[in-house]
Amino acid sequence: MSIEQRGQLVIIDHGEGDEPLSNRQMNRLFSSVLEARLARRQLLKGSAGAAALGFFGLGLAGCKSSSSSDDNGGSPSPAPLLGFSAVAVSSADEIVVPEGYSYQVIIPWGTPILGSFPSFSVNSTGADQAEQVGSHHDGMHFYPIDGSSDDGLLVLNHEYVEPRLMHAAAQGLALTSSALPPLVDGERPADQVRKEANAHGVSVVRIVKGANNEWSVQPDALNRRITALTPMEIHGPVRGSDFVKTLYSPNGTMTRGTLNNCGNGYTPWGTYMAAEENWAGYFTNKGDNPREHSRYGVETGETSRYAWELSDSGADEFIRFDASIKGASATDDYRNEPVCFGWMVEIDPFDPTSNPKKRTAMGRFGHEGVVFAPAEEGKPVVCYSGDDSRFEYIYKFVTAANYNAATANGSLLDEGTLYVARFNDDGTGEWLPLVYGQNGLDESNAKPFTSQADVLVNTRLAADVMGATPMDRPEWGAVDPANGDVYFTLTNNTSRNAGDVNEANPRVTNRHGHIIRWKEDGGEQAATTFSWDIFLFGGDSGESGVDTNIGYDPNGDVLTADNILSSPDGLWIDPDSRVWIQMDSGYTDPFGNCAMLVADPTTGDLKRFLVGPIDQEITGITMTPDQRTLFINVQHPGEGTSATDFAAGNYTSSWPDFTPATRPPRSATVVVWKNDGGVVGS
C-alpha cells in the first residue's frame, strides 16, 4: 500500500497487485489534447469537461437517450428506474443502504463449506483453508437451483490474500498489507504457503433463504473449492503447443490452479468464467526473460510476490513459481509455467468432479473479467474483456460456430476470432483481428509470430502491432440487455500525460476514471465497426480546484453530493437496464469510503446506493432471478492499517466481526433487499 498526496485529496493504493507497466514500445497516440476536447464541450453545457452528453455533441446513434412525450409521438416517458433516495458519503466502518432497505453479511473469508467444516481461525491450517471460503472476494454470480430465487449456488472469485492476516506467526509484528511473515532459514513454512494458495481461486457455495430474508450456507455435494493448486485443462489453439509444455505436463495439456481471479463472467449455457488478472507477480525468473514473461511483468527479482517457490517442503507444486531455466528443456523445469496463466477459466458449478478449463482462444492478458452479449440463436456468441493495466486494451471474442441453445457448451470458446479495439477520434471505432498471417502478424514482422498459438500467448504484443488504442485501465464491462449497448469502466491512469491523451481517454493524469460506451454497427454484436461516446466521468464537484478532477454524470452535469465517485471498477447492468457502478480505491474527503452507485441510461439519473466500511472496495455483483435479492462483495476491509497499528492490533476496520482481538477484518458478501419485497433499485 502507498499513500500519495494530490492537491486536497489523499489517494490510497490498496496494493491489490496491479501489474507494473511492462516492457513495451508505446504506439503513437492520438495528437488531440484535453483542452481542445473541453472547448468543444463548453458549447453543450457551458462548463469545461462536460463530455458525457455524447461525442462532439452529436450523440450516440442507437444508445438510449432521454426523450419527452413530444419526441416519441405522444407516448409518455418511461418511469424512472431509480426509486430510492441517494445515501450520503460515509466514512464509518459499516454498510450504508438506502432508507427502506436491509442487508445481511454472509460467507466471510474462512466460512466452512465442505469436508470437516473447520471453523475460521488465524490458527487454521492449509488443509482447513481448502474446505473454507477463500479470501478477498471479487466477481460473483448466482445460479438458481430449479429456477428458484430462494435457493442456489453462489459462485465467487478470490482475487488475492493478505498474508499478515492469515498466520499466527504474523501477529504482533510490524507488517504492511503486502509484507510476508519472516522467512525461516531463507524459506517459507510449507503450511503458510499452502494456506495462501488455498485461499485463492473460486468458491461454489449453496445458499438458501430462510425466514426474514436471511440466507445461510447449505451443506451440499455441490459445494466446492477451486484453488491455486487445482488441476486444470488447457483448451483452444495453445493446447499442446511448445509454449505450455512443462515438467508437470510434458504434452502441454494440463496445469495447476488459477490465480488472482478478479472479475468474472457467465456463459449462455450456464457455466462460470473466472478471470486471471494480475497473475504475473506470482512468478519469478532470475535468468532469461522472454517476451512471454516481460510483456506481462513477470518478476525478475529474488522472489515472487508471495515467495511460494521458497516453500520448505520442496514440493513441485510450489517450485513451479520459479520460472527460471533450470533443465535441458522446457519439460525439465517450469520456464513455461507463467504462460499457463492469463486466461479465462471455465468452471461448471453443477459438476464438482469436472476439471476447470482454460480457454486460450480468448487471449492471454490481465483479464479483468468477461461479459457475454445476449446469445442469439443461429448467430456467433460474442463476449468482451478488458486488460486491467495502464495503457492496455479492450478485446472482443467472436465464436466461429453459431449458437444453438440445445447443444451449446464451452467448446464454442475454443474456435473463433479475437479482436482488439481502436477508438477513433471522430466517435467511430474498429475491431482489429488478431489472426496469425494477417496484417503483419507473421514471421516477417519486426516482432515475429510463428503461429496462432504465438499470437494468443502474446496477445498484448499482437495488439501493439495492430495499433489498438491504449486505454486508462479497462476493467469491468456490461451489455445493456435492452439494446446491446456495451459499457466499460476505465478506472484511472495517473501516468497519462498531455502527449498521451486521445478522445477516448481525454484527461491528463486521469485519477478518477470514466466509463466508455459503444454501439456495434448495424445492431450486430459481431460487427467489426462501432460508434462510441463517454457515458460519465468520475470526479468531485469542484472541491479540489482542478478542472480534470471534476466529474460529470450521463447528462453532462457536474456531479453532486448524491453521486460523486472515483475510480469506477465493477460494472453490471440488471434486466431492467439499471447500470450498477462500483468504486475502487480508498479516498478521504470528499468521496468517503468506496461505494456503489446506480445510473439510469435513459434519464441520466445517477445516485449513490451503498457505501462500504473503511479501507475496502465494493466489487462483485449479482441478483436472484426475481431481482428481489442483490449480492455484492466487500474486499480487503482495513487494508490501510499501518505496520505499527497492525503490530498493536489496531486495525482501521474491524468489519464484519468487530472482534479484532480474535478475528481480523475479513472480506465478505453482503445481501441487500428492499423491505417491501420489491425489485432492488426500483
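These legends describe close-up views of a predicted model. Local features need pLDDT of at least 70, side-chain atom pairs count only at pLDDT 80 or more, and totals for chains, interfaces and linings use all residues. Residues are numbered from 1 along each chain as its sequence is written, and side-chain values use heavy atoms, with hydrogens and water left out.

**View 1. Phe142 and Phe631 form a stacked aromatic pair.** A search of the whole structure finds 29 aromatic pairs. Rings of Phe, Tyr and Trp (its six-membered ring) pair if their centres lie within 6.5 Å; planes under 30 degrees apart count as stacked, over 60 as edge-to-face and the rest as tilted. Here the centres are 5.7 Å apart, with 10 degrees between the planes. Phe142 lies in strand E4 (residues 137-144) and Phe631 in strand E32 (residues 629-635), so the pair ties together parts that are 489 residues apart in sequence. Strands (E, at least two residues) and helices (H or I, at least four) are DSSP runs, numbered from the N terminus. Both Phe142 and Phe631 are buried. Buried means under 20% relative accessible area, exposed over 50%, partly exposed in between (1.4 Å probe, protein chains only).

**View 2. Phe365 stacks with Tyr395.** Their ring centres are 4.2 Å apart and their planes meet at 20 degrees. Phe365 is buried, with a relative accessible area of 0%. Tyr395 is buried too, at 1%.

**View 3. Strands E4 and E5 form a hairpin.** E4 and strand E5 (residues 151-158) pair in the antiparallel sense over six bridges; two strands pair if DSSP finds at least two bridges between them. Tyr143 stands opposite Leu153 in E5. Six residues lie between the strands, and Asp146 in the turn has a positive phi of about 55 degrees. Seven of the eight residues of E4 are buried, so E4 is largely enclosed by the rest of the structure.

**View 4. Arginine charges sit over aromatic rings.** The charged end of Arg364 is 4.2 Å from the ring centre of Tyr296. For Arg666 over Phe120, the distance is 4.3 Å. A charge sits over a ring if NZ of Lys or CZ of Arg is within 6 Å of the ring centre and within 35 degrees of the ring normal.

**View 5. The largest nonpolar core has 67 residues.** Such a core is a set of buried Ala, Val, Leu, Ile, Met, Phe, Trp, Tyr and Cys residues joined through side-chain atoms within 4.5 Å. Leu259, Trp308, Val420 and Leu434 have the most contacts inside this core; contact means heavy atoms within 4.5 Å.
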